[in-house]
Amino acid sequence: MRHENIKRHAALFTDYAELRVQENRTIRISLLNGDVVGNARSAQTGVSARSFKDGVWGFASTPELDDGSIRSVVGRALDNAHFLAAREGTPRGPLPSRPGRSAHDLSTKKPRHSQKELIDFIRAIDGYCATHYPGLSSRSVSLSCLDMEKTLVTADGADAHSLVPRSILAVSLTVDADGEPVDLYEVYGGLGQFEDVFSDPADLFPNIDILADNLARKSRGVYTRPGTHDVVLDSDLAGILAHEAIGHTVEADGVLGGSVAADAMDTVVASPLVTLVDFANTALGHMCPVPLWTDDEGVEARDAVLIDKGVLRSYMHNKDSARHFGVEPTGNARAYGFYDEPLIRMRNTAILPGTSKLSDMLSSIDDGYYFLRSSNGQADSTSEFMFGVVMGFEVRGGKIGDAIRDTTISGIAFDMLKTVTAVSNDMSWSCGGMCGKKQMIPVGMGGPAIRCRLNVGGRA
Amino acid sequence: MSEINGIDITRRAVEALKAAGADKAQSSMSRGEQSELNIDAGTMSLYRTTVNVSVGLTALVGDRKGTISINRYDDDAIKAAAADAIAMARSSEPDPANDISPARPLERFERGSREPDSAAMYDRLREFIDYARATFPTTNLEQCVLDFGSGTSCYTNSNGAEFEERSGLYSFSAMFTSKQGTAASSFNYSGATHLSLDTPLRDWGSIKELMRQSAEQTTVRPVDGAFEGDIILTPDCLGDFLNFIDGVYLGDYAMITGNSPWKDKLGKPVVSPLLTVRSDPNGPEIEAGYSYTGDGFRAENCDIIKRGALEHFTLGLYGSNKTGKPRCPSGGGAIVVEAGETALADMVRDVKRGILLARFSGGSPSDNGDFSGVAKNSYVVEDGRILRPIGETMIAGNIASLFQSVRAISSERVNYGSAIMPWILSGGVSISGK
């Protein structure tokens with residue numbers, strides 16, 4: 001529901017300020033070996049205000065939405081800014097402004113499913129796993145739905161409302177291999193409420209078959225050999241590479257905090273085959289997995305072309321970092337809950353497709369790996385990255401060989417990206433995970449397959 | 001926002017659940033106020049105050065369970081949430097393992113202050129910035145947060161178990177990176193939680209030592225080649241690896257799936273006899289403990305691993321009912337690793353070839369305990385000496401094997417307020433450079 005009433009409270013702003021009403025609604029249902037171990041819904045609603053004075057911020061929030069509470073929270077934010085400004089403030093120029101005025105409600109127009117219908121859907125997936133793959137030692141199926149609804153006004157005229165939903169189904173299967181458990185999981189779904197993302201459980205059965213087949217191969221898999229290898233990273237890995245290895249390194253707050261990207265602007269950081277963009281809401285003609293039209297500072301969101309044909313061209317900014325660097329804000333300020341202040345966050349970060357065919361890229365590998373699925377990833381101020389790899393294959397003489405057990409890959413992104421020798425002509429998105437940085441936030445990651453050289457972990 | 005009566009809210013919620021048709025019911029409520037000062041890129045940038053309330057309602061209809069969480073507590077909101085929880089339970093499947101804790105008269109607990117000392121918070125943070133600039137001029141304070149969190153949490157169930165706890169604790173976390181010319185270190189971070197601001201923030205946890213290390217980590221290179229070597233886990237790193245033990249071997253998920261390699265090892269040796277790991281939510285060394293568990297039991301200190309033998313899984317009530325194994329009486333948090341008898345310096349002298357692992361950036365361990373990742377902010381150790389900081393170095397091994405191979409535990413420990421950790425020396429880890 002759009003909270004039109006907050007506009008009148010903008011009259012309380014005596015300095016630059018923002019006022020946001022937000023509700024996060026979640027559904028979580030989990031089945032473990034057929035038992036319902038999670039069956040929960042939640043709603044967190046509240047209002048926050050943030051004020052800027054002499055280079056410092058004051059923030060306050062409350063779950064109460066009556067007029068008195070909203071007035072109080074605006075007053076407290078102003079007081080907090082004044083408390084800090086009196087001790088640490090330095091007069092600064094005005095924050096840059098590009099007020100967004102947008103309204104996007106992506107909730108479903110279909111009748112909503114009952115909790116029982118959702119549980120039955122998940123039970124159908126679980127039942128398929130149990131019936132068709134009786135050799136599994138354990139299985140879990142979980143549904144996680146998040147609706148984030150925000151109404152925002154700012155002192156510089158932004159006026160925005162959005163409801164952006166996400167529905168994710170995760171399936172994890174485990175088999176026993178010589179007395180040791182070997183597991184593999186996959187995530188399905190994305191932008192939209194459940195009814196717009198999933199229709200018939202049977203639609204997912206072919207995906208389950210692929211997952212089970214990959215798990216069977218993995219259970220017979222080999223450990224990777226440690227060292228530097230030629231590899232092809234499939235789109236899932238390229239997406240997390242774009243997010244972790246490059247994205248975090250070029251968030252402007254990280255740059256100000258000491259990231260190596262501070263000295264790399266307008267220099268070559270990657271192969272000319274690499275162009276990397278943090279999309280606001282639309283990429284290559286399609287809506288992104290986590291679309292954003294107006295950020296939580298009220299800035300009209302625009303795409304940020306971070307690397308253009310191998311050259312670092314932009315950081316991702318909020319208003320204050322844009323003022324510091326003397327550039328336009330990119331609209332990357334996002335907050336997870338009503339009680340959270342906006343931070344510089346990625347939205348939909350992707351390497352753009354190239355012209356190579358995946359089959360040609362694989363056949364060009366003499367002795368290396370084809371990595372398909374990641375678990376988690378982390379980045380560093382040095383641009384050194386690490387990803388867990390949970391599915392992949394050896395490649396020998398251009399042919400796919402044995403599957404591998406779980407491993408880790410790493411490298412210095414600004415070095416590794418210069419080793420990219422091919423980029424495939426297709427791409428895919430994923431948005432199953434949350435990015436952590438003081439707060440959690442949903443993000444989209446995308447990419448084609450890329451051929452490169454990097455460090456692979458393993459047993460010496 | 002005025003003071004609220006938390007136990008009245010949970011009692012009303014349980015009554016509403018029973019009136020709506022629950023056979024058993026439980027409710028938890030927390031109301032928290034945060035007061036927080038932030039440093040970004042070396043300057044104090046944000047003063048943030050927040051209030052939030054969370055009310056959880058769980059209904060059991062027969063053996064079927066449904067849970068609703070809201071942040072409202074008026075009668076209408078509670079009645080509506082109770083009706084939703086009943087509907088969800090009726091939609092679910094029966095599971096005899098679903099239950100609530102037995103009756104226990106209301107107990108009240110209190111720790112820490114009720115109000116933040118905002119002026120002292122500002123002074124301590126200002127002092128920390130000045131210290132960092134003067135002592136480590138090449139180190140950037142990327143993000144630091146000093147927070148005072150106060151609040152009330154309450155629990156009531158239909159068997160008659162009730163708890164109320166008030167707490168007020170200061171928490172500080174610091175994340176920093178060093179830079180010399182264009183060469184940057186890996187970021188590192190640490191933090192701690194305490195009842196007061198009596199001690200300068202630089203002395204909380206391992207912050208001062210990690211900042212010292214950061215300043216000398218701007219120039220690194222990989223270890224030479226690939227080898228199987230020793231590893232010294234620092235206190236910050238040890239906490240991460242003990243979390244891995246919990247996830248792979250001890251917790252509800254690993255035990256219910258039957259994937260835990262230790263599922264039949266209760267009372268038996270599982271790691272080196274040098275290692276004793278306790279869960280001490282009631283202290284006395286732990287300041288940031290807790291008085292009751294999320295499933296409605298009084299939290300009692302217990303051993304998880306005693307002289308290498310497995311004393312408790314970290315199962316909650318559901319996991320215990322599901323597996324037939326004993327519930328963990330502590331809830332599994334507030335981990336204290338007993339100090340050993342070896343001085344850290346002697347531990348280093350015992351290393352022929354290996355690394356001092358100060359931060360581990362790795363994938364989640366496999367269900368069999370295999371792990372691999374990057375050694376961050378770490379050092380190569382050879383012939384009993386810490387030689388130089390390393391970069392682009394990967395390690396791999398198995399969690400159980402790592403703790404079975406422990407050769408020494410340090411007499412020195414770091415107290416984080418919510419956990420107390422020593423250094424440990426182990427071996428048999430694969431270490432590889434580029």
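**Two chains, side by side**

5 bridges join strand β3 (residues 56–62) of chain A to strand β2 (residues 43–61) of chain B, and the two strands run parallel.

Colleague: Nice place to start! Is this model predicted or what is it?

Modeller: This is a predicted model.

Colleague: Back to those strands, then. Which residue in β2(B) is the bridge partner of A:Ala60?

Modeller: That is B:Thr49, which sits in β2(B) and pairs with A:Ala60.

Colleague: And how many residues does each chain put into the contact?

Modeller: Chain A contributes 70 residues and chain B contributes 64. On the chain B side, β2(B) provides the largest share, with 11 residues.

Colleague: What kinds of residues are on that side of chain B?

Modeller: The side of chain B that touches chain A has 30 polar, 21 nonpolar and 13 charged residues.

Colleague: Okay, new topic. What domains does chain A have?

Modeller: Chain A is divided into domain 1, covering 4–219, and domain 2, covering 227–456. Their C-alpha centres are 21 Å apart.

Colleague: How many residues does each of those domains bring to the contact between them?

Modeller: Domain 1 of chain A brings 37 residues and domain 2 of chain A brings 29. Several elements of domain 1 supply at least two residues each, including β1 (16–32), β7 (180–191) and α4 (205–219) of chain A. The largest share comes from β2(A), with 6 residues.

Colleague: And the classes there? How many are nonpolar, polar and charged?

Modeller: On the side of domain 1 of chain A that touches domain 2 of chain A, 14 are nonpolar, 15 polar and 8 charged.

Colleague: What does each one give to their contact?

Modeller: There are 25 residues from domain 1 of chain B and 22 from domain 2 of chain B. Within domain 1, β4 (104–112), β5 (139–157), β6 (161–180) and β8 (188–194) of chain B each supply at least two residues of that side. β8(B) gives the most, with 5 residues. By class, this side of domain 1 of chain B has 12 polar, 9 nonpolar and 4 charged residues.

Colleague: Let's talk helices. At what angle do α1 and α2 of chain B pack?

Modeller: Helix α1 (residues 6–20) and helix α2 (residues 75–91) of chain B pack at about 50 degrees, and their axes are 9 Å apart. α1(B) and α2(B) are therefore oblique to each other. Their crossing is right-handed.

Colleague: Which residues meet there?

Modeller: From α1(B), they include B:Arg12, B:Ala16 and B:Leu17, and from α2(B), they include B:Ile78, B:Lys79 and B:Ile86. The residues of this contact divide into 9 nonpolar, 2 charged and no polar.

Colleague: Last one: what should I look at in the backbone?

Modeller: B:Pro284 lies in the loop between β10 (277–279) and β11 (302–306) of chain B. Then there is A:Asp178, with a positive phi of about 55 degrees although it is not a glycine. You will find A:Asp178 in the loop between β6 and β7 of chain A.

Colleague: Why point those out?

Modeller: Because most peptide bonds are trans, and most residues other than glycine have a negative phi.

Key
Residues are numbered from 1 along each chain as its sequence is written. Chains are lettered from A and ligands numbered from 1 in the order in which they are written. This is a predicted model: local features need pLDDT of at least 70, side-chain atom pairs count only at pLDDT 80 or more; totals for chains, interfaces and linings use all residues. Axes are lines fitted to C-alpha atoms, for helices over the stretch in contact, and angles run from 0 to 180 degrees between N-to-C directions. Helices (H or I, at least four residues) and strands (E, at least two) are DSSP runs, numbered from the N terminus. Angles under 35 degrees count as roughly parallel, over 145 as roughly antiparallel, 65 to 115 as roughly perpendicular and the rest as oblique. A crossing is left-handed if the near helix is turned anticlockwise from the far one by less than a right angle, and right-handed if clockwise. Two residues are in contact if their C-beta atoms, placed from the backbone, lie within 7 Å. Ala, Val, Leu, Ile, Met, Phe, Trp, Tyr, Cys and Pro count as nonpolar, Asp, Glu, Lys and Arg as charged, and the others, Gly among them, as polar. Two strands pair if DSSP finds at least two bridges between them. Domain bounds come from an automatic or database domain assignment.
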